[in-house]
Amino acid sequence: MDRIIFMQSTNFEFLRPENETLANLAGLAEAVIHIDAGSALTRLRGFAEEVTKAIYKEERLTRIPQAQFYDLLKNSVFEGCVSKSLLYQIDSLRIQGNKTAHGAEGDLRNAQIAMGTAHQLAMYLAIKYYSKKKTDIPAYKDLEDPRQELKQLKKSVNKYASELNEKSKELEGVIEQLDKERAEKAEEIPEPAKQDAEAKKQQSQQ
């Protein structure tokens, strides 16, 4: 499998020290879930396949060369070392991901449920094979739509720009008023008497 680009995840970073590929796959799925639920489901299918391969590796199970995901799941040696519920969870991600990979759109609600399933699989791996305790694993967090955050940020920027513009107008008014007051005071200063001016001139010459 091609190396997955690094992608920080919200709920799967506890896997990164032992399985970077799974952490990256989950991070990619989280990043697109609100933008393209179908793409998220396709990535979670890849996540489920990597979970299956990880179990094969940890349990030292014999794999058929070039075996497909379905073959790995239905292999009797694999079915013999995992619970039916775990097998069902992995297979559900496989089935949904296959549909979206072949053109189905997928919907957000199903993608969110699948993400929760993936998190349960991640916990299973971490606790059973990676020597982690349940208390070491952060609670699952619902993923917020980044577009809503962007809209809120845009509103804040627009509000700040409006306030800045208003302050600028107020400052311009204050400066205009000061200039007006200076002009008025300048007009009030009397010109020095001609005699006084001559006396000061003579003093300066002396």
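A residue counts as buried when its relative accessible area is under 20%. By that criterion, 17 of the 23 residues of helix 2 are buried, and the helix is mostly covered. The model is predicted, and this briefing describes helix 2 together with its contacts to helix 6, helix 5 and helix 1.

**Helix 2 itself**

- Arg-60 follows helix 2 and has a positive phi, near 55 degrees.

**Contact with helix 6**

- Helix 6 comprises residues 108-128; its axis comes within 10 Å of that of helix 2, and the two cross at roughly 20 degrees.
- Angles under 35 degrees count as roughly parallel, and helix 2 and helix 6 are therefore roughly parallel to each other.
- Their crossing is left-handed.
- On the helix 2 side, the contact includes Leu-41, Leu-44, Phe-47, Val-51 and Ile-55, while the helix 6 side includes Ala-111, Ala-114, Met-115, Ala-118 and Leu-125.
- By class, the residues of this contact divide into 16 nonpolar, 1 polar and 2 charged.

**Contact with helix 5**

- The axes of helix 2 and helix 5 (residues 84-101) are 7 Å apart, at an angle of about 140 degrees.
- Helix 2 and helix 5 are therefore oblique to each other.
- The crossing of helix 2 and helix 5 is left-handed.
- The contact of helix 2 with helix 5 consists of 9 nonpolar, 7 polar and 2 charged residues.

**Contact with helix 1**

- Helix 1 (residues 20-32) and helix 2 have axes that come within 8 Å and cross at roughly 165 degrees.
- Angles over 145 degrees count as roughly antiparallel, and helix 1 and helix 2 are therefore roughly antiparallel to each other.
- Helix 1 passes helix 2 in a left-handed crossing.
- Helix 1 contributes residues including Leu-22, Leu-25, Ala-29 and Val-32, and helix 2 contributes residues including Ala-40, Arg-43, Gly-46 and Glu-50.
- This contact of helix 1 with helix 2 has 11 nonpolar, 3 polar and 2 charged residues.

**Residues in several contacts**

Definitions and conventions. Residues are numbered from 1 along each chain as its sequence is written. This is a predicted model: local features need pLDDT of at least 70, side-chain atom pairs count only at pLDDT 80 or more; totals for chains, interfaces and linings use all residues. Side-chain values use heavy atoms; hydrogens and water are left out. Buried means under 20% relative accessible area, exposed over 50%, partly exposed in between (1.4 Å probe, protein chains only). Helices (H or I, at least four residues) and strands (E, at least two) are DSSP runs, numbered from the N terminus. Axes are lines fitted to C-alpha atoms, for helices over the stretch in contact, and angles run from 0 to 180 degrees between N-to-C directions. Angles under 35 degrees count as roughly parallel, over 145 as roughly antiparallel, 65 to 115 as roughly perpendicular and the rest as oblique. A crossing is left-handed if the near helix is turned anticlockwise from the far one by less than a right angle, and right-handed if clockwise. Contact means heavy atoms within 4.5 Å. Ala, Val, Leu, Ile, Met, Phe, Trp, Tyr, Cys and Pro count as nonpolar, Asp, Glu, Lys and Arg as charged, and the others, Gly among them, as polar.
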